[in-house]
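Let's take a look at how copies of a chain sit together. Have the sequence and the 3D view ready.

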Amino acid sequence: MAWQSQFHGGLGDGAALVRRLWGCVKRMDSKMSGEVLMNAGEGGVVHVTLRHAGRLNAMSRTMWRQLRSVFEGIQASSARCVVMAGESGAFCAGGDISEYPGFRFDAAALRDFHENDVWGGLNAMLACDVPIVASISGACMGAGVEIASCCDVRVAGAAARFGAPIAKLGFPMAPREAQLVAAAVGETAARQMLLEAATFTAADMLARGFLSRVVPDDDVPAEALASARRIAALAPGAARMNKQVLRALKTPPALDGKAPAAIEMIVSGPHDPYAYADSAEHREGITAFLAKRPPVF
Amino acid sequence: MAWQSQFHGGLGDGAALVRRLWGCVKRMDSKMSGEVLMNAGEGGVVHVTLRHAGRLNAMSRTMWRQLRSVFEGIQASSARCVVMAGESGAFCAGGDISEYPGFRFDAAALRDFHENDVWGGLNAMLACDVPIVASISGACMGAGVEIASCCDVRVAGAAARFGAPIAKLGFPMAPREAQLVAAAVGETAARQMLLEAATFTAADMLARGFLSRVVPDDDVPAEALASARRIAALAPGAARMNKQVLRALKTPPALDGKAPAAIEMIVSGPHDPYAYADSAEHREGITAFLAKRPPVF
Amino acid sequence: MAWQSQFHGGLGDGAALVRRLWGCVKRMDSKMSGEVLMNAGEGGVVHVTLRHAGRLNAMSRTMWRQLRSVFEGIQASSARCVVMAGESGAFCAGGDISEYPGFRFDAAALRDFHENDVWGGLNAMLACDVPIVASISGACMGAGVEIASCCDVRVAGAAARFGAPIAKLGFPMAPREAQLVAAAVGETAARQMLLEAATFTAADMLARGFLSRVVPDDDVPAEALASARRIAALAPGAARMNKQVLRALKTPPALDGKAPAAIEMIVSGPHDPYAYADSAEHREGITAFLAKRPPVF
């Protein structure tokens, strides 16, 4: 069951939210391609769970769209805190590469995927005023790092692993995602992840300032929930205002179209950042991965 | 004695400074609400000390105003380095909450407090070209973290504690202060402090990149003074120029009023960041604290 | 031999590159003042080596200009990764102070040195889309930290030492260099380096997020090469695009000349950041160093 309908605790308008979200779900076909579960807990804590069985919760397009709907719903609710987790011992191993041949080799389709589906989901998280606690076990790679980067507090198990080894797949990180990840993990780790396909332990990522705390693997769900409950017991309006201010500090003021932010210049400027779609390198990376052979660049 | 009048060492215009500052002091009534002491040491080192007996040097409005006067005076002097400390085993435990019912529940008065008194003091520190060494023992919370964030070098004792648990008091951090603290402690720690009311050890804050060094508690004053003396023996003009450049890099260039910085948009924009003044949540937080009972949000 | 002419591996246009670079070399007289060596390795890895015998590879003006030529050449080539190192057990101990009396005490000449020679070299590194791995042994001070700050991955030996103790020499860090270093080492370490003339161990700089990894001193060349080979085996176009995006995120968009970046305001604004050239403090710092006596500021 993808979108569970019980809402307890401090969610005053939970019932209306559920009706709205349930409508979204009916329009989606998530049977084969994973799903983003939402489940209300006690005291205003909402649980959002990535589930893609057999793929370590890799994000499909459907899941990115569900992620957006879920967080738009949470933003419209009176939820006090979100716990973001993955099912079955992983947080999220990345994107669902099996879908990539269907759209990645066309620049317009590739842009649509990153700017609308992926960024739609991530931006809904970033735009959510409700605090989000990431509960990270196992693989937290690529899309997993991006999703974790949108969380406010990051609790990870000692055995969790982090990285974004997409250079093995023959493509760069999309600009908005690179900005998000570089700010969250720091430039040094971001360059190691992207250029060297380096992976990092939880201890590494604590030292890099990305993780809030590292706990024994078995304790991750309980520690993340404890963090969420602490947050949910504190002043909810103050939390939302703090998140709004920290977000606004990163948003350059509007200038009547005269001063676009650097990221808008990159995404919409004369050098299309998605022009690599049809490159031999990109095709080789994806094709080799799906053929289970090493790529030759 | 709040503003001690002896100036030794490299303070060429120290006598004139003292006369000017002494005039300020006479205009202030600091008997009941703490004080900010200034005392010239040897070799151009100036000692600034927060003192609020029985309140772990919590900052009163009077102290914020004194802080501004003290640092405006230091900036106008030939001081070579400042050691910033608190009295009696604490750095600063936060704001003086006993004063809050007098002004916090009115939006205009609240704005005046944060934009003029608090930011007046912090901005005088940030605008000071003379290097500042924080000597941090014990509690460094809320206003204490803000004051420490305006220092250049931060020396702390192993038992010092850091945080900004104002979510327990029902209010968010004011925008300029949030920008300052998030930049100094990093976004990860800032979100834990603000959303979870988390506190951190000195070892944590060293790892977060906030502290310059952690030393045994008994050694804090001597280590901070040693750092100040090292700084004071080096080229004073170069130090001032380095501080000016690092400050200017954070200051967006003027644009004929066409491109206000994000922080100005937040503070002066259509969504008043102080509109929460009269909220039930804010009243509950302050009231519960003063009544020594847990708040119910 | 300064510019070795053999190119192997994945450097498709290596021969043309070598011809062009060789022309540059003929126009330079680098006999007495150090040199920047370039040597192509296997698989698209290029080795760039700082060599200034007897001066721990301190950067002379000639070397800054060679650094620029080398990286402009690499950018125009099909190189896949650069290993940046110093000869004889040091990375780079700073600038070549013996040259300083010849130009530092005149503001225009000082500006020319920093804005054209030093920044010319550093900016060529920053503008290079080819990933750069720093292989850091021994002294990495001043100019060494600046050069390392332009690298993507930084591998250091346990005994390496880091700092920028130019306050001992009586001058501040030039604005563009200060922006570069503060972003790479963090504000806390930058202020300690510049104001306190503090030096840091490799472990310190790993904790500060500057270093990618610290290895036993004897293993530095092999570990840096292994990192470069990992990078060179991955998708080269993706690497270049990742570097382009991370660079563009730091570059404010053009505004028809209406919104210069803060750094341009500092460098070209009404307060000349090089006006200190003829100051007593500056002369004392340089003069005392060359006379091997302590400066008196």
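How many residues of chain B are in contact with chain A, and how many of chain A with chain B? Keep in mind that this is a predicted model.

## Where B meets A

Here's the count: 34 residues of chain B touch 27 residues of chain A. On the chain B side, the elements that give two or more residues are α5 (175-185), α6 (187-196), α10 (262-268) and α11 (280-290). The top contributor to that side is α6(B), which gives six residues.

What kinds of residues make up the side of chain B that touches chain A? Sorted by class, that side has 20 nonpolar, eight polar and six charged residues.

Two copies of a chain are related by a rotation about an axis and a shift along it.

## Turning C onto A

Now for chain C. A turn of 120° and a shift of 0.0 Å along the axis put chain C on chain A, and the RMSD is 0.0 Å.

Which residue of chain C comes closest to the rotation axis? That's A207(C), with its C-alpha at 3.8 Å. Chains C and A use different surfaces: 11% of the contact residues of chain C recur in chain A.

Terms used. Residues numbered from 1 in each chain as written. Chains lettered and ligands numbered in written order. Predicted model: local features only at pLDDT ≥ 70, side-chain atom pairs only at ≥ 80, totals over all residues. Least-squares fit on C-alpha atoms with pLDDT ≥ 70 in both. Contact = placed C-beta atoms within 7 Å. Helix = DSSP H or I, 4+ residues; strand = E, 2+ residues; numbered from the N terminus. Nonpolar A, V, L, I, M, F, W, Y, C, P; charged D, E, K, R; others polar.
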